[in-house]
Amino acid sequence: MGHDHHHSRWHRLRHLVAPHSHDSADKVDSALESSRDGLRALWLSLAGLGLTAALQAVVAWWSHSVGLLGDTLHNVADALTAVPLGLAFLVGRRAPNRRYTYGYGRAAALAGTVIVTVRAVSAAVAGYAAVRRLLHPAPVHHLLAVAVAAVVGFAGNELVARLRIRVGRRIGSAALVADGLHARTDGFTSLAVLLGAGGVALGWPWADPVVGLVITVAILFVLRGAAREVYRRLMDAVDPKVTDAVEHVLRHTGGVRDVGEVRLRWIGHRLRAECEIVVDESLSLVDAHAIAVAAEHRLIHDVPRLTAATVHADPAPAEGVDHHAELAHHTEDG
């Protein structure tokens with residue numbers, strides 16, 4: 001209890017020196033900073049993958065390689081998804097208003113659904129081309145150029161994947177992380193194109209379309225994971241460890257006797273919490289409110305990416321007394 005009291009005094013002193021603002025404008029500035037990081041990663045990815053896909057497209061047209069065509073289509077789709085994601089970041093930085101009281105952060109989750117759709121279409125086109133080549137065989141030319149294009153595809157995708165995953169995790173963007181994971185898988189499928197070119201060189205003409213089918217299947221598996229992540233974000237799912245962390249902070253706030261309901265949701269790249277705590281029934285309304293405010297401040301400072309918290313304080317029930325039932329009884333009498 002002494003440690004909690006000391007922490008509370010130190011927290012109040014620090015708050016006076018460097019106050020923690022709850023103004024909505026400060027929240028918009030914070031989201032804007034994260035959006036700039038995300039936009040920079042997206043445009044760099046667009047440039048890198050666009051250059052990679054352009055090189056591969058030339059070689060695919062020149063060599064008639066179906067495997068390389070599939071890899072090119074996925075790289076093109078991966079590059080183009082930067083456009084809806086970029087729009088989502090731009091929209092997400094708009095301030096809340098009377099209609100969208102939580103702001104526009106959900107635009108990133110909606111962009112994730114567009115990304116999944118675009119990639120599914122590209123996988124379908126690649127699969128169709130591979131099946132058609134199996135049914136109607138045709139020679140593949142310039143195998144050395146195909147091999148070089150495959151290595152370039154791997155390198156370009158891996159660089160983009162690392163950039164997107166790192167920035168996405170830092171700013172809490174599920175769509176950007178999913179995009180990075182997809183880029184990483186595209187890199188390995190580029191290596192599969194290299195194996196297909198080697199098979200054709202050994203006299204196995206079916207190796208190229210088979211690689212195209214393998215690429216399609218691999219992308220479908222990644223799409224399943226990406227779709228699951230986007231679905232969870234749309235359904236307000238959070239990592240249970242974050243919920244545990246919120247409860248831990250609340251229980252270790254001075255004056256809190258117990259913790260009730262804890263609800264968390266993502267709004268764009270930031271978390272919002274709505275919690276219930278139990279305080280001593282003998283406290284005045286002012287003192288109970290002070291404990292709730294202290295809990296809110298500790299949550300915002302101690303839980304990563306949590307930028308807003310609403311904490312409701314309930315009095316601890318006396319022995320044999322149900323405060324909720326008592327309140328309902330007085331309401332009926334009134």
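Axes are lines fitted to C-alpha atoms, for helices over the stretch in contact, and angles run from 0 to 180 degrees between N-to-C directions. Helices (H or I, at least four residues) and strands (E, at least two) are DSSP runs, numbered from the N terminus. The model shown is predicted, so local features need pLDDT of at least 70 and side-chain atom pairs count only at pLDDT 80 or more, while totals for chains, interfaces and linings use all residues. Residues are numbered from 1 along each chain as its sequence is written, and side-chain values use heavy atoms, with hydrogens and water left out.

**View 1. Helices H3 and H4.** Helix H3 (residues 66-80) packs with helix H4 (residues 82-92) at an angle of about 15°, and their axes are 5 Å apart. The two helices are therefore roughly parallel to each other, a word used for angles under 35 degrees, whereas angles over 145 count as roughly antiparallel, 65 to 115 as roughly perpendicular and the rest as oblique. On the H3 side, Asp78, Ala79 and Leu80 meet Ala82, Val83 and Pro84 of H4, where contact means heavy atoms within 4.5 Å. The residues of this contact of H3 with H4 divide into five nonpolar, no polar and one charged; here Ala, Val, Leu, Ile, Met, Phe, Trp, Tyr, Cys and Pro count as nonpolar, Asp, Glu, Lys and Arg as charged, and the others, Gly among them, as polar.

**View 2. Helices H7 and H8.** Helix H7 (residues 174-201) and helix H8 (residues 207-234) pack with their axes 9 Å apart, at an angle of about 170°, which makes H7 roughly antiparallel to H8. By class, the contact of H7 with H8 has 12 nonpolar, five polar and three charged residues. Among the residues that meet are Ala174, His182 and Val200 in H7, and Ala207, Ile215 and Arg233 in H8. At 1.5 Å a residue, the 28 residues of H8 should span 40 Å, and the end C-alpha atoms of H8 are 40 Å apart, which agrees; the expected span is 1.5 Å times one less than the number of residues. Just after H8, Asp236 takes a positive phi of about 65°.

View 3. Three strands form an open sheet in the order E1-E2-E3, with mixed pairing; two strands pair if DSSP finds at least two bridges between them. The edge strands, strand E1 (258-267) and E3, each pair on one side only. E1 and E2 run antiparallel and are joined by eight bridges, and Ile267 has Arg270 in E2 as its bridge partner. In the hairpin of E1 and E2, which has two residues between the strands, Gly268 takes a positive phi near 70°.

View 4. Strand E2 (residues 270-279) and strand E3 (residues 306-315) pair in the parallel sense over nine bridges. Within this pair, Arg272 stands opposite Ala308 in E3, and Glu274 stands opposite Thr310 in E3. H10 lies across E2 and E3, running at about 150° to E3.
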